[in-house]
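Please look over the sequence and the model before reading on.

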Amino acid sequence: KAPLPIEEFTSFEQAPHVMSDIAQLKSNIVIRLCVLVFTSLFSVYLSLANDFGLPIITVFSRDYSPEAYVFTLTILGIISAFVAYTVIFSGLKKLLKFNADCDSIAAIGITATVVTGIVNLFSAESIQTGNYHVYTAAAILGLLFNTLGKLSIVNRTERNFRFAAGEFEKHAFTKVENEDVAYKFTKDFPELATTRKTEFVEDFLANSYSSDISDDYSKKAAPIITIAGIIAAIVAFAVNGESAGGAERIMIALAAMCGVISMSASVAIMFIVNLPLARASKKFLQSSAVILGYSAVDEYADTNSVLVDAEQLFPEGMVDLVNLKAMSSTLIEDCILYAASLTCQAGGVMKPTFYKMLRGKTEMLYPVESYIYEDGLGLSGWIENKRVLLGSRELMENHSIEGLPTLAKEAEYSKGNIPVYLSISGVVSAIFFIRASANVTVSTWLQELTDRDITVVVRSSDAFI
């Protein structure tokens, strides 16, 4: 893994320091960008003007003063290399270690053209004959686009960091790695992901600056481009044996090498990943979320199902208790406490409703000795040595609970709302009538998942979901 450009974010206390480091890194890249914009525009126009007869100051004309032409382009190349020395040093070092990346492709081009330009200064008159060309402008453009790509990465990281460093509740998207567990949940959809609450975003910078497919491409392409350039130089040197002198043959060979490298190097390679990521990160932030880097894309690209908690689908305020019907001699207060104790222990969308009824006095709740959720039916547990059931009519029937009203009476009581039965010690004690409303935002995103053929698996302890 490539070393991080700045210190990793490991605690909230570091946030101001890391933010300062990101700002400093961005400032350095912006300064580099400004210099490269100037050298790029100057070198490109200088090359195009001489090739296509555009207006140009006489001293920079290749025909009038080839020495000044070569010298100017070489100086522009040296200046560009100087401001981007970290890219060149890192790129060449990784190339020699057979671990090339996008920096390597940019480094090859500028290094070859600057060296060639310096050699050309010894016999610049040969340029007038058209035997070879100077490719400095193309190499500087490579550095410029490399810098623009890095600026995009830093801008994305800065935006995401402002969100990730905030001290508020966060949830991390994570993959269910255990295939057996994933299969039990999804049957035919083993690529399962879910969210979990987290206090801190670990490896923030490592993920933000993670390598991507352009680096994978460069790892293979950079050595091939280098070898192809060397082969082109050898061929050019050989075929010009009779028509040129020794010094000129060397310059033609170097020019051939630079030409092959310039044509083979994709100057915009860093945008393949970083432009889509930049757009995605802006879109995610509008929904209070972040996508850190390409590592997240690579990790979750094949996800075809998500596991969500029912509470996420029915946030607070979407489930209301509209009525309560006593069905036995048990006090209503006790019915509420038994139902609240079981629900709050197991979790569920009715939990906020009971909290509200208890006015937050959770010390009133009974301890639940053990409980289970019967799939699609409801909860079963033990409170004060009493068997307590909370769920659907079918749950009551399965356990042969006494005191169930007729279906006609149930419909009369419910008035279109959802009945949730409570039984204590084998007898129906109360019926809670629930009204669940759809949250517009949740509905929108569920539709989005449906449109993208993503299966939603709901984890719930509520019988009516």
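The expected span of a helix is 1.5 Å times one less than its number of residues. This is a predicted model. Within it, helix α9 has 19 residues. From first C-alpha to last, α9 reaches 27 Å, close to the 27 Å expected at 1.5 Å a residue.

What do the buried residues of α9 pack against? They meet α4, α5 (136–164) and α8 (213–239). The buried set is E248, R249, M251, I252, A253, L254, A255, M257, C258, G259, I261 and S262. An α-helix has 3.6 residues a turn, so residues three or four places apart point the same way.

| Pair | Axis approach | Crossing angle | Residue ranges |
|---|---|---|---|
| α4 and α9 | within 10 Å | roughly 160° | α4 102–120, α9 246–264 |
| α5 and α10 | within 10 Å | roughly 20° | α5 136–164, α10 271–286 |

Take α4 and α9. Their axes cross at roughly 160°. Angles over 145 degrees count as roughly antiparallel, so α4 is roughly antiparallel to α9. The crossing of α4 past α9 is left-handed. On the α4 side, the contact involves I108, G109, A112, T113, T116, V119 and N120. On the α9 side, it involves M251, L254, A255, M257, C258 and I261. By class, the contact residues of α4 with α9 are nine nonpolar, four polar and no charged. Each of the α9 partners M251, L254, A255, M257, C258 and I261 is also listed as buried.

Now α5 and α10. Here the axes cross at roughly 20°. Angles under 35 degrees count as roughly parallel, so α5 is roughly parallel to α10. α5 also passes α10 in a left-handed crossing. From α5, the contact draws on F145, L148, G149, S152, I153, R156, R159, N160 and F163. From α10 come F271, N274, L277, A278, S281, K282 and L285. The contact of α5 with α10 holds eight nonpolar, five polar and three charged residues.

Last, two loop residues with positive phi. F98 has a phi of about 60° although it is not a glycine. It is found in the loop between α3 (85–96) and α4. Is F98 buried or exposed? F98 is exposed, with a relative accessible area of 67%.

S400 is another non-glycine with positive phi, near 55°. Its place is the loop between α15 (393–398) and α16 (407–414). S400 is exposed, at a relative accessible area of 60%.

How values were computed: Residues are numbered from 1 along each chain as its sequence is written. This is a predicted model: local features need pLDDT of at least 70, side-chain atom pairs count only at pLDDT 80 or more; totals for chains, interfaces and linings use all residues. Side-chain values use heavy atoms; hydrogens and water are left out. Axes are lines fitted to C-alpha atoms, for helices over the stretch in contact, and angles run from 0 to 180 degrees between N-to-C directions. Helices (H or I, at least four residues) and strands (E, at least two) are DSSP runs, numbered from the N terminus. Angles under 35 degrees count as roughly parallel, over 145 as roughly antiparallel, 65 to 115 as roughly perpendicular and the rest as oblique. A crossing is left-handed if the near helix is turned anticlockwise from the far one by less than a right angle, and right-handed if clockwise. Contact means heavy atoms within 4.5 Å. Ala, Val, Leu, Ile, Met, Phe, Trp, Tyr, Cys and Pro count as nonpolar, Asp, Glu, Lys and Arg as charged, and the others, Gly among them, as polar. Buried means under 20% relative accessible area, exposed over 50%, partly exposed in between (1.4 Å probe, protein chains only).
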